[in-house]
Amino acid sequence: MILFLVGYMGSGKSVVGQQLSEILGYNYIDFDDYIERKENATIRTIFETKGEIYFRKAESSYLKDLSKLKETIVSLGGGTPCYGDNMQTLLNTKESVCVYLKASIPTLTKRLFNERAKRPLLAHIDSESMLSEFIGKHIFERAPFYEQSSLSIQTDDKSISEIVEAIVLKLF
Ligand code: S3P
């Protein structure tokens, strides 16, 4: 099985993916790290030097590399399912499951405000209230893609281990 974790930036995809892979003895791929290795540049540098359209094309083409993997957990980027035919690629991947890690706007705002420098789409936002408004609109646009996942987990009131346990109970 290949398990794709989808969800907005800051929803816990990486940390949940890592723990899940340890528990299941699966391989683990952080898709942002994968793109950075392939492009030999950080996501931030790719956005700055080549622009978002270049990044989205590269993201879409690297996503197709993953479709033959087995026993792997992949934490995707927050935008991955929302561009081109990526969601279709995920859903058509053999023996794959998409899990949506859902978090509320206040939770995401709190988590992302101090980490926004690492995220090119958020780095320019100066206040928590503007960040909260941005996240709200952005999730509204992206939710129709995230919601195509076969499982969604509400994460606000759960610890990382509880999220991992909920996924294992539902899928294994
Ligand atoms: C993005 C999310 C980031 C990264 C890039 C764009 C997005 O990944 O792929 O900065 O469009 O939501 P994380 O969700 O891992 O932060």
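Author: H6 spans residues 105–113, H7 spans residues 128–146, and they pack at an angle of about 125 degrees with their axes 9 Å apart. Here axes are lines fitted to C-alpha atoms, for helices over the stretch in contact, and angles run from 0 to 180 degrees between N-to-C directions. Helices (H or I, at least four residues) and strands (E, at least two) are DSSP runs, numbered from the N terminus.

Please keep in mind that this is a predicted model, in which local features need pLDDT of at least 70 and side-chain atom pairs count only at pLDDT 80 or more, while totals for chains, interfaces and linings use all residues. Residues are numbered from 1 along each chain as its sequence is written, and side-chain values use heavy atoms, with hydrogens and water left out.

On the H6 side, the contact (heavy atoms within 4.5 Å) is made by Ile105, Leu108, Thr109, Leu112 and Phe113. H7 contributes Glu128, Leu131, Ser132, Ile135, Gly136 and Ile139. By class, that makes seven nonpolar, three polar and one charged residues. In this scheme Ala, Val, Leu, Ile, Met, Phe, Trp, Tyr, Cys and Pro count as nonpolar, Asp, Glu, Lys and Arg as charged, and the others, Gly among them, as polar.

H7 also holds lysine 137. This lysine 137 is exposed, with a relative accessible area of 54%; exposed means over 50%, buried under 20% and partly exposed in between, using a 1.4 Å probe and protein chains only.

Now for helix H3, residues 43–50, whose buried residues are Ile43, Ile46 and Phe47. They cover an arc of only 95 degrees around the axis, so they sit on the same side of H3; the arc is that of the directions from the helix axis to the C-beta atoms. Glu48 and Thr49 are exposed on the other side of H3. The cover over the buried residues includes helix H2 (31–39) and helix H4 (52–65).

Take H2 as one of these partners. The axes of H2 and H3 come within 9 Å and cross at roughly 60 degrees, which makes H2 oblique to H3. Asp32, Ile35, Glu36 and Glu39 in H2 meet Ile43, Ile46 and Lys50 in H3, a contact with three nonpolar, no polar and four charged residues.

With H4, the axis of H3 comes within 7 Å and the crossing is roughly 125 degrees, so H3 is oblique to H4 too. This contact joins Ile43, Ile46, Phe47 and Lys50 of H3 to Glu52, Tyr54, Phe55 and Arg56 of H4. Those residues divide into five nonpolar, no polar and three charged. Just after H3, glycine 51 takes a positive phi of about 95 degrees.

Definitions and conventions
Parallel < 35°, antiparallel > 145°, perpendicular 65-115°, else oblique.
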